[in-house]
Amino acid sequence: MKIRKLFVAFAIVAGLSGCSDDGINFFTLEQDMKFGEQLDSALMANPDEYPILDRDQYADAYNHIERVMETILNSNDIRYSKTFNWQVKIIHNDDVINAFAAPGGYLYFYTGLIKFLDNEAQLAGVMAHEIAHADRRHSTQMLTKQYGFSILLSIILGENPSQLEQILSQLALGGTLLKYSRDNEYEADKFAITYLYDTDYHPYEMARFFEKMMGSTQKIPEFLSTHPSDENRIKNIEEVWKSMGGKEGFTYEDRYQDFVNSLP
């Protein structure tokens, strides 16, 4: 067993040379997917903390949000659209305005966020941002920086379930330990607009979502509170959008309301 662990450790280190464009990252693509699977299993095993809507019971809701995801994943600018096991789950908690991504293409959206948004284009903007975090492998960069090699290796080998639970809680509930870098956030915004440009959604609705958050008395969601300021986000999103030609698109307000009505 010790020999096997040493071999796995060596394989991880050897894989670093293939991740130069992703920064310091102790994960291979296969380990991204494995780690995301472990996090998803831990989440599904804790329905009191993470009440996931049942796929069969809320088929209309899942058909809607999965259609949005598939539309974005058709973008040619997503590197791992055919590699990662992309899937999205809805967490039933109207008091939480949040969304997050686990490594390997696992996406989670709280009903509180879905009901806060104005239209489908805004949902697509938030989803494109989370897809960018997963596709650019920001989560495992962040985890590598925060936890280091030895702890992450123990999680990959299934030897540290308590640490896995802590990481999941940090990702889902907005812990201060796990923060994307400013560069990660700007990059996710940039690629989100790029992905949306390949759809018929209005890319600038992503900026309008931030404008709405600035005027809201609601608790700021984690994926905003750990990001650069809303004013800078809006400015940079607008610059990227205009640099690409300022394309407009559809917002699908009525269709989005049908989605909201399908939720509990």
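Which residues does Met127 touch, once residues up to four places away in sequence are not counted? I would like to begin there, keeping in mind throughout that this is a predicted model. Met127 touches Ile65, Val68, Met69, Ile72, Val88, Leu107 and Phe109. The residue itself is found in helix α5, and with a relative accessible area of 0% it is buried. Ile65, one of the residues it touches, is 62 residues away from Met127 in sequence, while the two C-alpha atoms are 9.5 Å apart in space.

As general background, nonpolar side chains in soluble globular proteins tend to be buried together. Phe109 has its own list of contacts, again leaving out residues up to four places away in sequence, and among them are Ile65, Val88, Ile90, Ala99, Ile114, Leu123, Val126 and Met127, together with Lys89 and Asn98.

Let me turn to the aromatic rings, where the count comes to 11 pairs. In the pair of Phe116 and Phe209, the ring centres are 6.4 Å apart and the planes stand at 80 degrees, so this pair is edge-to-face. Because Phe116 lies in helix α4 (residues 111–116) and Phe209 in helix α9 (residues 205–214), the pair ties together parts of the chain that are 93 residues apart in sequence. Phe209 also pairs with Phe210, and this second pair is tilted, at 5.5 Å centre to centre with 45 degrees between the planes. Phe116 and Phe209 are both buried, and Phe210 is buried as well. Elsewhere, ring pairs link Tyr80, Phe84 and Trp86 into a cluster.

Lys212 lies over the face of Phe116, at 4.4 Å from the ring centre, and the charged end of Arg255 sits over the ring of Tyr252, 3.7 Å from its centre.

That brings me to the salt bridges, of which the count gives 12. Lys89, which we met among the contacts of Phe109, forms a salt bridge with Asp40, with the closest N and O atoms 3.0 Å apart. This pair links distant parts of the chain, since Lys89 is in strand β1 (residues 87–91) and Asp40 is in helix α2 (residues 29–44), 49 residues apart. Both Lys89 and Asp40 are buried.

The side chains of Arg67 and Glu120 meet in another salt bridge, at 3.0 Å from N to O. Here the partners are 53 residues apart, with Arg67 in helix α3 (residues 59–73) and Glu120 in helix α5. Arg67 counts as partly exposed, at 30% relative accessibility, whereas Glu120 is buried, with a relative accessible area of 0%. Arg67, Glu120 and Arg255 are linked in a network of salt bridges, and Arg255 is the residue whose charged end sits over the ring of Tyr252.

A further salt bridge joins Arg136 and Glu187, where the closest N and O atoms are 3.6 Å apart. Arg136 is in the loop between α5 and α6, and Glu187 is in helix α8, 51 residues apart. Arg136 is buried at 13% relative accessible area, and Glu187 is partly exposed at 24%.

What span should helix α8 have, at 1.5 Å a residue? The 16 residues of this helix (182–197) should span 22 Å, and because its end C-alpha atoms are 23 Å apart, the two values agree. Among the buried residues of α8 are Asn184, Glu185, Phe191, Tyr195 and Tyr197.

I will finish with the loop between α8 and α9, where His202 is found. His202 is buried, with a relative accessible area of 8%, and its contacts, not counting residues up to four places away in sequence, include Ala121, Arg208, Trp241 and Phe250. By contrast, Asp254 in helix α12 (residues 253–261) counts as exposed, at 66% relative accessibility.

Technical notes: Residues are numbered from 1 along each chain as its sequence is written. This is a predicted model: local features need pLDDT of at least 70, side-chain atom pairs count only at pLDDT 80 or more; totals for chains, interfaces and linings use all residues. Side-chain values use heavy atoms; hydrogens and water are left out. Contact means heavy atoms within 4.5 Å. Helices (H or I, at least four residues) and strands (E, at least two) are DSSP runs, numbered from the N terminus. Buried means under 20% relative accessible area, exposed over 50%, partly exposed in between (1.4 Å probe, protein chains only). The expected span of a helix is 1.5 Å times one less than its number of residues. Rings of Phe, Tyr and Trp (its six-membered ring) pair if their centres lie within 6.5 Å; planes under 30 degrees apart count as stacked, over 60 as edge-to-face and the rest as tilted. A charge sits over a ring if NZ of Lys or CZ of Arg is within 6 Å of the ring centre and within 35 degrees of the ring normal. A salt bridge is a side-chain nitrogen of Lys or Arg within 4 Å of a carboxyl oxygen of Asp or Glu.
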